[in-house]
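Dear colleague,

Please find below the structure that I am handing over to you, with its sequence. My notes on a pocket and on one residue follow it.

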Amino acid sequence: MATPKPQELFASINHRPPKKDWMDVPVEIKPGRYCYAANPKSLEIVGFPHAREWNPLDDDWKLPENWKEIIIQGIKERLERFRSFKIFMDICVRCGACADKCHFFIGSGDPKNMPVLRAELLRSIYRGEFTRAGKILGRFAGARDLTPEVIKEWWYYFFQCTECRRCSVFCPYGIDTAEITIIGRELLNLLGLNIDWIATPVANCYRTGNHLGIQPHAFKDMIDFFCDDIEEITGIRPEPSFNKKGADILFITPSGDVFADPGTYTCMGYLMLFHYLKEEYGLEVTWSTYASEGGNFGFFTSHEMMKRLNAKMYMEAKRLGVKWILGGECGHMWRVIHQYMATMQHDTMGDLDFLEEPVSPITGTRFENARATKMVHIVEFTADLIKHGKLKLDKSRNDNLIMTFHDSCNPSRGMGLLEEPRYIIKNTCNHFYEMPENTIREQTFCCGGGAGLNAGENEELRMMGGLPRANAVKYVHEKYGVNMLGCICAIDRAVLPNLMDYWVPGVQVTGIHELVGNALLLPGEQERETNLRGEPLPGKEDM
Amino acid sequence: MKAIYSLFLVFALVLVALLGAGAGGMHYLFGVIIPYVAVVLFVAGFVMRVIRWGKSPVPFRIPTTCGQEFSLPWIKQNKIDNPSTTWGVILRMFFEIVLFRSLFRNTRVELHDGPKLAYASNKWLWLFALLFHYSFLTIFLRHMRLFTEPVPGFFQALESVDGMLQIGVPSLYLTDVVIVVAATYLFLRRVVIPQVRYVSLPADYFPLFLILGIVLSGIFMRYFVKTDIVSVKELTMGLVTFHPRIPEGVGTIFYIHVFLVSVLLIYFPFSKLMHMGGVFLSPTRNLANNNRMKIHVNPWNYPVKVHTYEAYEDEFREKMVEAGLPVEKPLEQQPENKE
């Protein structure tokens, strides 16, 4: 099914819910809004249960015989494990403050995309199975029966949430739909109900070290290819090291940056920065082919799978004997690193004594905020370098860019990484304009494809979900002529170009280190004619 | 429909009290036994619910950060919306609980041709929620004059501030008016705003009607059907001193009021009203964003199966060597049983 035209799609948005009570509206799985079922082979590789061929459009989802028991037991275990889950099941007053904060609700008008209702899909079952009032009073107490229809509804709507946490900012009790969706997806996973755009990257990552299944030699080849490009543009060839024992720093970035434009230009930016730091200051940064994935799609299946994939980071840092770890520009990767990693790996890695407290050997800055988990975000690292005047930058090389900045969900609402990227943009570009305040920083809107939803088959859903973000870009595009959207997330770099083409043609997408790469004056470089994209530099257009 | 059911339920409760304490004359049941039972169930239920929550650990530190993190020394941290210390968390919780900070951010999305989205300021819910809760609190504290002898100065002062307009005799309490207006607003927005109506459950209407019933019966008792306040105080003092007795001259309206309050107390721990306790425990609000500074320990953390570097190298060693990537074991030492 073709995605409707932007005007048609916008005109079809209706925020008025139907007359019929939501419990009486059966789920309708609409093409364009769901992702294909997981390939059973991918589930088998990581040992997920009940792997099978099934089709969301079929009536029979071939649920395991004891599916109900599995779900009830699954909820029970999670209530015992997560205080967040228990409290969020109990205390919502349905004030509706979250309703129109969700990009999927704003763009689709589907009432079950209101965060409160998305949570009620699960809460109604919780009440029916786990609360006395629900057991006795049934529907009057907001309870309903657990049927295969409910499972289908969960699957449809928990894969229409990108776990962006915007609703949680507005909730008076901090109820976080991401928590509900995470648990909801875990439960579905127990029944073998996953989507392929998540399950296959998970399987790839487990085996080859990255979501895209790039094998070690190919990973090196791809990076070499970027070095060729950099050499062509600047006359300087970076010599990155791989799996090098005794390097100062291990660098891990999402594999998307190695694989697809425009992330690849960001990756070139990293390579140039590291080359610069090696030449000027002798800093040795190494890449790992084993831990070659910063992202963690395991996070979108279960807490356990997240831990299994994430384990590689510290294991590799320990094996290579580096001082600390530096992480690339990525969204959910950083939520995992910031809020989960050290906690998860504490059983095997302890207090991480094999690493040092991160100190920038160039500026002497002690990264206090990463002193225990020993992993620093590259925009923190680079902002510090710029602040101390350690990078020679020529901003004018980015003069063709009229920038705005998209705060990625996880770094803003799961970390608070707001000023560092802006500082880098302002020091590498002359033209920067903010989008309206309700759409940036902690109130930023998701790109529409986070949490594993950037598949091709759900394009309509992504265009709907991305509408609020795109519309804010449109505002600065029309007002200031903004033509470049900066971001610090690999999923953003994959999702936003398509979204911009759809809603705001004429705006391109860039990672922040692409800007750094363009502005950075490498020692001994030739006069550049083009930027990293091979486009003529400002003032060189006619040559 | 859900609203009407809930309204009838409250009417039915009034009727129970009317028949029981009024026509049936069961004053001791409605004036002593039910209130005692209600208070016991409230306290026990509340405590048990909080203990039940507390039993589940907080495996991960997951604050929702709403401002700049603690970072480089020259970057200004938002210490309240993104706290990195306990003091910051205390401030954040203070603003959340006392001033409904998050609700203050509320906006309303609007679709315009263009296509254009706009986010209009929408602070009504915040304002009326605040008015509702604070008048409720004031009324609750004002009632303490019925349970203390001598009445502490604070409660007396509160009463005189609340009645400072000195309209009518007995003088009108501001909070009586405010709570009726605020509760009515909270009800109306539930039926008028389509999205809120769509998500509302009977459990959302019922407590609103119940509280309105309590307030109206109280107002009725104070301003219209006058009840002998001296007798009422005798009764309430009897309750708190555990020498319960039923004095003469306490009207039926009082028993209705007390019965509805009792129902509210009993209902409270089993309902969404527990948001009062839950908000203190919400892990997205009550934790410091010091995640990378201090390792949070998950009590149920368990070992998982991982794909080790050794297994990875075993699979790709040949290709790695060929590509010039360093390996741990040279090619010839490769195990024989490799697939």
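Which element gives the most to the lining of the second largest pocket? In this predicted model, that element is α2(B), with six residues.

The second largest pocket holds about 1000 Å³ of space. Two or more lining residues come from each of α4 (83-90), α6 (115-130) and α7 (132-137) of chain A, and likewise from α2 (27-55), α9 (202-224) and α11 (252-267) of chain B. The lining comprises 32 residues, and those nearest the centre of the pocket are Thr131(A), Ala133(A), Arg49(B), Phe270(B) and Ser271(B). Sorted by class, 19 of the lining residues are nonpolar, four are polar and nine are charged.

I also examined Thr365(A), which sits in the loop between α17 (346-349) and β5 (375-377) of chain A. Is this residue, Thr365(A), buried or exposed? Thr365(A) counts as buried because its relative accessibility is 11%, and the cut-off for buried is under 20%.

The side chain of Thr365(A) takes part in a polar contact of 2.6 Å with the side chain of Asp384(A). Another polar contact, at 3.0 Å, links the side chain of Thr365(A) to that of Thr363(A). Leaving aside residues up to four places away in sequence, Thr365(A) touches Pro358(A), Val359(A), Ser360(A), Asp384(A) and His388(A), as well as Leu72(B) of chain B.

With kind regards

Key. Residues numbered from 1 in each chain as written. Chains lettered and ligands numbered in written order. Predicted model: local features only at pLDDT ≥ 70, side-chain atom pairs only at ≥ 80, totals over all residues. Heavy atoms only, no water. 1 Å grid on protein atoms, 1.4 Å probe; cavity = no way out; pocket = protein on both sides within 12 Å on 5 of 7 lines; lining within 4 Å. Points joined across faces, edges and corners; volume = space filled by probe spheres on them. Helix = DSSP H or I, 4+ residues; strand = E, 2+ residues; numbered from the N terminus. Nonpolar A, V, L, I, M, F, W, Y, C, P; charged D, E, K, R; others polar. Buried < 20%, exposed > 50% of the residue type's maximum accessible area, 1.4 Å probe, protein only. Polar contact = N/O pair within 3.5 Å; in protein donor to acceptor, adjacent residues only side chain to side chain. Contact = heavy atoms within 4.5 Å.
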